[in-house]
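This report describes how the parts of a structure meet, first within one chain and then between chains. The sequence and the structure are shown below.

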Amino acid sequence: MTTNIKSRGQIWRASASNATKIREPFGDRVLLTGIYLLLGVITLTVLYPLIYIFSSSISSPDAVLAGRVWLFPVEISLRAYKSIFQSTQLMTGYYNSIVYTVVGTFINIAFTVLMAFPLSQRNMPGRSILMIMMMITVFFSGGLIPTYLLVKNLHMLDTRWALWLPGAFSVFQVIIARTFFQSSIPTELQEASQIDGCRDIRYLWSIVLPLSKPILAVMTLMYAVGHWNAYFDALIYLRSENLFPLQYVLRNMLILNAADPEMLANTAQSLRNKGFEEVLKYALIVVACVPVLIMYPFVQKHFVKGVMIGSLKG
Amino acid sequence: MAQTWIKMRRSWELYLLVLLPVLYLIIFKYIPMFGVIIAFKDFNVVKGILGSPWVGFKHFENLFQSPNFSVLIKNTLLISAYSLLAGFPIPILLALALNEIRTGFFKRSVQMITYAPHFISTVVMVSIIILMLSPHVGVVERIFTFFGLPTTNFMGEPGLFKSIYVWSGVWQEMGYASIIYIAALAGVDPSLYEAARMDGASRLKKILHIDLPSLIPITITMLILSLGNLMAVGFEKIFLMQNPLNLSTSEVISTYVYKVGLLGANFSFSSAVGLFNSVINLVLLIAVNAIARRVSENSLW
């Protein structure tokens, strides 16, 4: 009997594929081939620079300088990576970036939830006033200089707080969270818990937050990537070298060409040439991207979900 | 009235929760908004924002008369318009193309790879651009030489700055920007495709008559937002890509505000420039939204 069903299924599938083959007209096949080709070309264009940078970072300085690296690494050498880990500047930057990202993201999530949850409660008087108050900040802002003067007057210049507090939440994320609280958590839960004598804070903590793990994950990732990649706030608010985040250190090394002497100190004199500095730059790029790259495959779907929830508006 | 009062008392815990974010909004958003008045004053660090003397529109007049003004406006507008023309349609095309192929290894790889550059930081992105375009050792120059094309110091050529900025932006953002259109296409009613198939519509016809029309609402929303930001060219990437050789085409309003204001400590003049920029943005946003509401039913508000 089972074999019978199976074979019937096969027949059905075979005839279905035959049918599509017959029905798919010539023009459609040409179009589809064109689409596959186009997507292939786009993907290769995106992929090539990434592979090229990784290959250059593990190639020998001579090969890079002579332009012998096209796609795959030539004369594999990991010396650049070794010298990166000898740089105190970079390691301090790495440590600082981790601190900014962890604490900053925690502050972001706390403020976003604190703002979004009351906004999602339909029976709270003044909800629309709060919403308007928040939306105004999207369209009007004091701009760079008044914000800088404020941070200065609060004595937060050259402290870690300058990177944590001025952007405590993003309006966009609050709207996403509010939409999620409103649409994905059944109101029956709130009614039932209210009958049992559960007040708002307890309801948020014990029912809403555990049910909002997917959206909290998306938010954490968005905020964390933002903190990890930011350099502008450090550029305007920080002066002390021991507070600089990784991106700021990278800017000095990669764009302003100020390599840390410590990185070049232990390499042989013959290698202290342009070639080694070039390889070093490629390796720096790879090292800076590692945390995001490790995370990326796991979170790619979540990011997509985050954008989709955000696009619902409402 | 009494009922509202009872409701408010019942919601006291919600007000307690929202207290911290509201304080944040007041301190970090509304106080700087008020601080914009220094654009109409001669700001003096000792006297503070309130104590500094009023000077009316002096800084705005200086701005409009300065020889930099027309260059700044021209660069800002050209870079924005170029980014919009190149960067806006490509994600839509990518989404339409991805929508045509079956879910499988190929589709997932294309998506995963094209989304990835979005997560590269601005500093690293600009470093990649500089390294790949660097004279003699950069891979782009070698590829150009290989095909017998003329090469130059790409980053030092003022005429090339805008193209480098825009196309590297397309490279970085096209995949991620397409997500929102892919989401919209996923929501199309399948019965429309079935009906089209029954009527013998070709793939191209289905794209033109089902996919494209269903993308119109989200496209208009995105277009309004981008047009409203026409004067707000991102500071971060341009600032990092600037060098003394390309400054004539790469100086935009936001980088000018930073240089004059923070590096030159010319707070009042710089605030005036920033304010001028945000007022234009707001006017653009309102105007585009009004036009969109008139010609179609889609608008932001």
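## Domains of chain A

In this predicted model, chain A comprises domain 1 (2-57) and domain 2 (79-312). Where the two domains meet, 5 residues of domain 1 of chain A touch 7 residues of domain 2 of chain A.

The area buried between domain 1 of chain A and domain 2 of chain A is about 490 Å², with carbon and sulfur atoms accounting for 73% of it. On the domain 1 side, the residues that lose the most area to domain 2 are Ile53(A), Ser56(A) and Ser57(A), which together make up 80% of what that side buries. Between these domains there are 0 salt bridges, and 2 residue pairs are in polar contact. The side of domain 1 that touches domain 2 consists of 3 nonpolar and 2 polar residues, with no charged ones.

## Interface of chain A and chain B

Chain A contributes 94 residues to the contact with chain B, and chain B contributes 86 residues. About 8300 Å² is buried between chain A and chain B, and 78% of this comes from carbon and sulfur atoms.

Between chain A and chain B there is 1 salt bridge. It joins the side chains of Arg199(A) and Glu13(B), with an N to O distance of 3.8 Å. On the chain A side, helix α2 (residues 26-57) gives the most, with 18 residues. By residue class, the side of chain A that touches chain B contains 65 nonpolar, 16 polar and 13 charged residues.

Key: Residues are numbered from 1 along each chain as its sequence is written. Chains are lettered from A and ligands numbered from 1 in the order in which they are written. This is a predicted model: local features need pLDDT of at least 70, side-chain atom pairs count only at pLDDT 80 or more; totals for chains, interfaces and linings use all residues. Side-chain values use heavy atoms; hydrogens and water are left out. Contact means heavy atoms within 4.5 Å. Buried area is the accessible area (1.4 Å probe) that two parts lose on being put together, summed over both. A salt bridge is a side-chain nitrogen of Lys or Arg within 4 Å of a carboxyl oxygen of Asp or Glu. Helices (H or I, at least four residues) and strands (E, at least two) are DSSP runs, numbered from the N terminus. Ala, Val, Leu, Ile, Met, Phe, Trp, Tyr, Cys and Pro count as nonpolar, Asp, Glu, Lys and Arg as charged, and the others, Gly among them, as polar. Domain bounds come from an automatic or database domain assignment. A polar contact is a pair of N or O atoms within 3.5 Å; within protein, one must be able to donate a hydrogen and the other to accept it, and residues adjacent in sequence count only if both atoms are side-chain atoms.
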